[in-house]
Amino acid sequence: MSAEAVPGPDGPSGAEGPERSLNSGAASPVSVVACPDGPLLIRGDFELVGADGQELPRTRRTVALCRCGASVLKPYCDGSHKLTGFRSEP
Amino acid sequence: MKQPSARGDVSALVLATIAATVESAQDGLARLGAVTRAAVAGTPDILHDDDLQLALFCLYELHYSGIDGAGDDWEWNPDLLRVRQCIEAAFEARVRDEVDLGDLPGTTSEAVCAELFRLTGDDSGPSMSRFVSKSASNDQLREFLVHKAVYQLKEADPHTFAIPRLTGRSKAALVEIQADEYGNGLPARMHSALFARTMRELGMDDTYGAYLDVTPAITLASNNLMSLFGLNRRLRGAIVGHLAAYEMTSSQPNRLYSRGFKRHGYGENATEYFDEHVEADAVHEQIAGRDMAGGLVEEDPRLLPDVLFGAAAGLAVDTLMTRHIMDAWESGGSSLRRSEAMAS
């Protein structure tokens, strides 16, 4: 079993930056993957809030956020980018 | 699962064999081997062969939840495994004939992911989801659930067999997807549980295998394909590709399925299964394509053809299943083996 990529019980080491403010669980760095021609995939410990600062309904840890504008589940992706032919590169 | 009814010599002998003890079944086992070889050699098309697909389904079922009356020691019985391998070999060869991979992409994660999206976007078969959305009758919705129930009541299980065969990035990705499939720790949120609720909402029996006797060979073949890929380590690339293809062809169809059930006045208890998949699989398809399938190929580039084969095979067999169902419906009939079983 490899433990190299796993944060220790005290969270990520100081070398990875300042400790984040988290609402639950052990600290793990947030990553945002800009999926080519698709959504933004967000992993890790993060809060997703509306303009009023209230947390948005969320049922899974890792989410895909719409960036083509066509989703009917915004802010989440519903796969519509494949139907509209959305391109992330100019 | 309760014992299904036999559909021919092979499935009858398989069912009789596993209902007996290993000690008392030796004569039957010897006969089963010969009967199976003859049936495999003589079938016009194993994908539509009710007897062989049911026999294979029952042999695989020994590795899942088992069959009522069958002893657990049958699971790894070498003679029975030989019978399974005889059917499997012909089944796999037939599916490979159905699939043309064309030019292979590069072995980077992005290239694999892009090719999987291209492959799944190209799928030009008949559209069950558009039909269900706009035209399916209430009886057809129930038939649709019968076909889906074989997999969806054990949703994710065949692909879970791959977990110990993967490492690193692809393993973490598969587990991330499966955790969602299994409800993230909440039994009522398991996709199989959501599907069972949909069945109950339509007044159907949500017991696993309740409608197996009316389920046609091609639907069993679609399920047997996943078990073939999931239970053979040499096909770990194929089971990964298969899952990626399933995730990539799910979000939009499930939105349309949900609409079809709403059209008939069904509420959230019936539609939540489909609605959940719209959002979940828009996440899963990205993880599956890039991290699971792409990650696996980056780690072992030799698996690239198998990953694409698994994806293409899943699409090809499911296209045949959809065609079977739509052809039956278009001619005003039932896609099931005996329609009276659905009338109750």
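**View 1. The open sheet of chain A in the predicted model.** In this predicted model, three strands of chain A form an open sheet in the order β1-β2-β3, and their pairing is antiparallel. The edges of the sheet are β1 (31-34) and β3 (63-65) of chain A, each of which pairs on one side only. Neighbouring strands of the sheet are turned against each other by 25 degrees on average, with direction ignored.

**View 2. The pairing of β1(A) with β2(A).** Strand β2 of chain A, which covers residues 40-43, pairs with β1(A) in the antiparallel sense over 4 bridges. Within this pairing, Ser31(A) stands opposite Arg43(A), a residue of β2(A).

**View 3. Arg43(A) and the salt bridges between the chains.** The side chain of Arg43(A), the residue opposite Ser31(A), also meets the side chain of Glu176(B) in a salt bridge, with 2.9 Å from N to O. Between chain B and chain A the count of salt bridges is 7, and 10 residue pairs, both at pLDDT 80 or more, are in polar contact.

**View 4. The side of chain B that touches chain A.** Two or more residues are given to this side by each of α5 (109-122), α9 (168-181), α13 (251-263) and α14 of chain B, and α14(B) supplies the largest share, 11 residues.

View 5. Helix α14 of chain B, residues 268-299, lies across β1, β2 and β3 of chain A and runs at about 85 degrees to β2(A). The contact between the chains takes 22 residues from chain A and 20 residues from chain B, and the area buried between them is about 1600 Å², with carbon and sulfur atoms giving 50% of it.

Technical notes. Residues are numbered from 1 along each chain as its sequence is written. Chains are lettered from A and ligands numbered from 1 in the order in which they are written. This is a predicted model: local features need pLDDT of at least 70, side-chain atom pairs count only at pLDDT 80 or more; totals for chains, interfaces and linings use all residues. Side-chain values use heavy atoms; hydrogens and water are left out. Two strands pair if DSSP finds at least two bridges between them. Axes are lines fitted to C-alpha atoms, for helices over the stretch in contact, and angles run from 0 to 180 degrees between N-to-C directions. Contact means heavy atoms within 4.5 Å. Buried area is the accessible area (1.4 Å probe) that two parts lose on being put together, summed over both. A salt bridge is a side-chain nitrogen of Lys or Arg within 4 Å of a carboxyl oxygen of Asp or Glu. A polar contact is a pair of N or O atoms within 3.5 Å; within protein, one must be able to donate a hydrogen and the other to accept it, and residues adjacent in sequence count only if both atoms are side-chain atoms.
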